[in-house]
Amino acid sequence: METTKIIEDVVIVGGGIAGLSTALGLHRNVATSLITGQQIATTSFRDKGKLRKLLLEALANELPSGTIRYLSKVVAIEESGFSKVVHLADGTTIKTKVLIGCDGVNSVVAKWLGFKEATYTGRYAIRGCAELESNHNFEPLLMHFFGKGFRAGAVPCDEKTVHWFFTWTPTIQGEFPFVLSYPK
């Protein structure tokens, strides 16, 4: 098998939402303000089953052509002076100055760094996006609430959409810190 040698300044291992978001952020090298940021395009995420696919496609389409190497399984990582050498299953080697791991729970990068395997922590989490019928009038700030065993928060995405999260650690098996109910 013939090997290909590539030299890159930055390599991001993992092509999911985290990896593509990181790549796009580094490519643009800009943070957009929720207060003054200009809206370029909108996409409806009403079909929640397609949300991940739509988000991945949107992120991938914003990156320059040739940025993403599809079907590239990382099999090993080694150090070479101040650089890292990433070995792919097809024989390709990529020498890089910066290596960023966004490859999830079974991370090759985390194993190379010597991190322990992921374990169950006893904490539960849910998150979502709420699309309201009218403007919510929230300030463009993270709202964060916490108490005995739970954390919750929300951040407005635009005038009618809010991203929210809720985490909790039950003190007794099956116990929830409080019950949420919504009027019909």
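Tutor: A disulfide here is a pair of cysteine sulfur atoms within 2.5 Å. The model is a predicted one, and a search of the whole structure finds zero disulfides.

Student: Why is C129 called partly exposed?
Tutor: Buried means under 20% relative accessible area and exposed means over 50%, with partly exposed in between. C129 has 40% relative accessibility, so the residue falls in the middle class. C157, at 42%, is also partly exposed.

Student: What makes the pair of Y124 and W168 stacked?
Tutor: Two values decide it: ring centres have to lie within 6.5 Å, and planes under 30 degrees apart count as stacked. The centres of Y124 and W168 are 5.6 Å apart and their planes are at 25 degrees, so the pair meets both conditions. Y124 sits in strand β5 and W168 in strand β8 (residues 161–168), 44 residues apart, so that the pair links distant parts of the chain.

Student: Why is the pair of F166 and W168 called tilted?
Tutor: Their ring centres are 5.2 Å apart, and their planes are at 35 degrees. Stacked needs under 30 degrees and edge-to-face over 60, so 35 degrees leaves tilted. The count of aromatic pairs comes to three, and ring pairs link Y124, F150, F166 and W168 into a cluster.

Student: What makes H136 a buried residue?
Tutor: The relative accessible area of H136 is 13%, and the limit is 20%, so H136 counts as buried. H136 is found in the loop between β5 (124–131) and β6 (143–147). Leaving out residues up to four places away in sequence, H136 touches P156, D158, E159, K160, T161 and V162. The side chain of H136 also reaches the backbone nitrogen of F138 at 2.9 Å; the cut-off for a polar contact is 3.5 Å.

Student: What makes up the largest nonpolar core?
Tutor: Nine residues: V11, V13, V74, I77, V86, L88, I94, L99 and V109. At least two residues of this core come from each of β1 (5–13), β2 (74–80), β3 (83–88) and β4 (93–101). Apart from this core lies another, of seven residues, including L20, A23, L59 and A60. In soluble globular proteins, nonpolar side chains tend to be buried together.

Student: Which residues does V86 touch beyond four places away in sequence?
Tutor: V86 touches V11, V74, A76, T92, T93, I94 and L99.

Student: How many helices and strands does the protein have?
Tutor: There are three helices and eight strands, in the order β-α-α-β-β-β-α-β-β-β-β along the sequence. Of the 184 residues, 22% are buried.

How values were computed
Residues numbered from 1 in each chain as written. Predicted model: local features only at pLDDT ≥ 70, side-chain atom pairs only at ≥ 80, totals over all residues. Heavy atoms only, no water. Core = buried A, V, L, I, M, F, W, Y, C linked by side-chain atoms within 4.5 Å. Buried < 20%, exposed > 50% of the residue type's maximum accessible area, 1.4 Å probe, protein only. Helix = DSSP H or I, 4+ residues; strand = E, 2+ residues; numbered from the N terminus. Contact = heavy atoms within 4.5 Å. Polar contact = N/O pair within 3.5 Å; in protein donor to acceptor, adjacent residues only side chain to side chain. Phe/Tyr/Trp six-rings, centres within 6.5 Å; stacked < 30°, edge-to-face > 60°.
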